[in-house]
Amino acid sequence: MRKNLGSRPLSYPQPVFIIASYNPDGTPDAMNAAWAGISEHNMVSMCLSPTHRTVKNILDRKAFTISMGQAQYVRACDYVGLVSGNHVADKFDRAGFHAEKSGFVDAPLIKELAVAMECRLIDYDEKTCIMRGEIVNVGVDESVLDADGNVDVSKLRPISFDPFNSHYVELTTIVGNAFSDGKNL
C-alpha cells in the first residue's frame, strides 16, 4: 500500500548546490539551492526567487558558479541557505568560505568546495523563477581525484538534501556500474 503525500517537490536525490556570485562591491556571495539540476548537455536550470541577493548579482554580472555541497562543510552550506545576503552582507565570510576568481566567468569559486560548474547566464524568467546557465567549465580540486585522475566519490563526500525529512545525506557508497550492470538482463 502507498501513502499519498500530494503534489509536493519530494524526490531523491536533490543536490545541495552552492551558487556563488559577486556583489556590486565585488565581495563574494553564496546561497544554497536544492531545486536545480542539469537540464541539457551543457546547461543547468534552477528555481530561484527574484528576491535573492544572488539572483540580483547574477543578473548584473551574467555569471555564477555552482559548487557541490560536501559533508565536511555541511554547516557552512546550510548557513548560506539560512541567511539572506540582502541582510547579512558578509555571509560568505561568516560561513568560513574563501573565494578565488574563476578563470572562465565573472564569478567566484569557493576554495573549500572541490567541484564547481562555472556558468554564464542564459536567461531568467521572474514569473516562473527559472534561471538557466551555460556550463562553460567544470573545475575539480585535485584533492578529490583518484590515481587515474577521476573524481573519487569517497574523497569528495557530496551531500544531497532529503526533502522528506529535512536532512542532508552524504553520498559515498557505490552500488553498481552505470551502462554495464543491466547488460546481463
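Where is the place of Phe179? Phe179 sits in the segment after E12, and I will come back to that residue once the sheets are in view. Before that, please keep in mind that what we are looking at is a predicted model.

Let me start with the sheet of seven strands, which is open and has the order E3-E2-E6-E9-E10-E5-E4, with antiparallel pairing. E3 and strand E4, residues 36–40, stand at the edges with a single partner strand each, so one side of each is left without a neighbour in the sheet. On average, and ignoring direction, neighbouring strands of this sheet are turned by 35° against each other.

Helix H1, residues 53–61, lies across E2, E3, E6, E9 and strand E10, with its direction at about 55° to E2. Helix H2 lies across E2 and E3, and runs at about 95° to E3.

In the loop between E6 and H2 we find Gln70. Is this residue buried or exposed? Gln70 has a relative accessible area of 2%, and it is therefore classed as buried. Leaving aside residues up to four places away in sequence, Gln70 touches Cys77, Glu112, Leu113, Ala114, Leu156, Arg157, Pro158 and Ile159.

The other sheet to discuss is an open one of three strands, in the order E1-E11-E12, and its pairing is antiparallel. E1 and strand E12, residues 167–170, are at its edges, each with a single partner strand, so that one side of each is left without a neighbour in the sheet. Four bridges join E11 to E12, and within E12 it is Val169 that stands opposite Ser160.

In the segment before E1 lies Pro13, and the peptide bond from Tyr12 to Pro13 is cis, with omega near -20°. In the loop between E11 and E12 lies Ser166, which has a positive phi of about 55° although it is not a glycine; at 60% relative accessibility, Ser166 counts as exposed. That brings me back to Phe179, in the segment after E12, where phi is near 60°, a positive value in a residue other than glycine. Phe179 is likewise exposed, with a relative accessible area of 78%.

The largest pocket has a volume of about 300 Å³, and of the 16 residues that line it, the closest to its centre are Asn32, Ala33, Ala34, Trp35 and Phe161. Strand E3, residues 28–33, and helix H2, residues 74–82, each supply at least two residues of this lining, which divides into 11 nonpolar residues, four polar and one charged.

The second largest pocket has a volume of about 250 Å³. Its lining is made of 16 residues, and those nearest its centre are Pro15, Phe17, Ile38, Met68 and Met117. Which strand gives the most to the lining of this second largest pocket? That strand is E9, with three residues, while E1, E6, E9 and E11 each supply at least two. The lining of the second largest pocket divides into 14 nonpolar residues, two polar and no charged.

Technical notes
Residues numbered from 1 in each chain as written. Predicted model: local features only at pLDDT ≥ 70, side-chain atom pairs only at ≥ 80, totals over all residues. Heavy atoms only, no water. 1 Å grid on protein atoms, 1.4 Å probe; cavity = no way out; pocket = protein on both sides within 12 Å on 5 of 7 lines; lining within 4 Å. Points joined across faces, edges and corners; volume = space filled by probe spheres on them. Nonpolar A, V, L, I, M, F, W, Y, C, P; charged D, E, K, R; others polar. Pairing = 2+ DSSP bridges. Buried < 20%, exposed > 50% of the residue type's maximum accessible area, 1.4 Å probe, protein only. Axes fitted to C-alpha atoms, helices over the stretch in contact; angles between N-to-C directions. Contact = heavy atoms within 4.5 Å.
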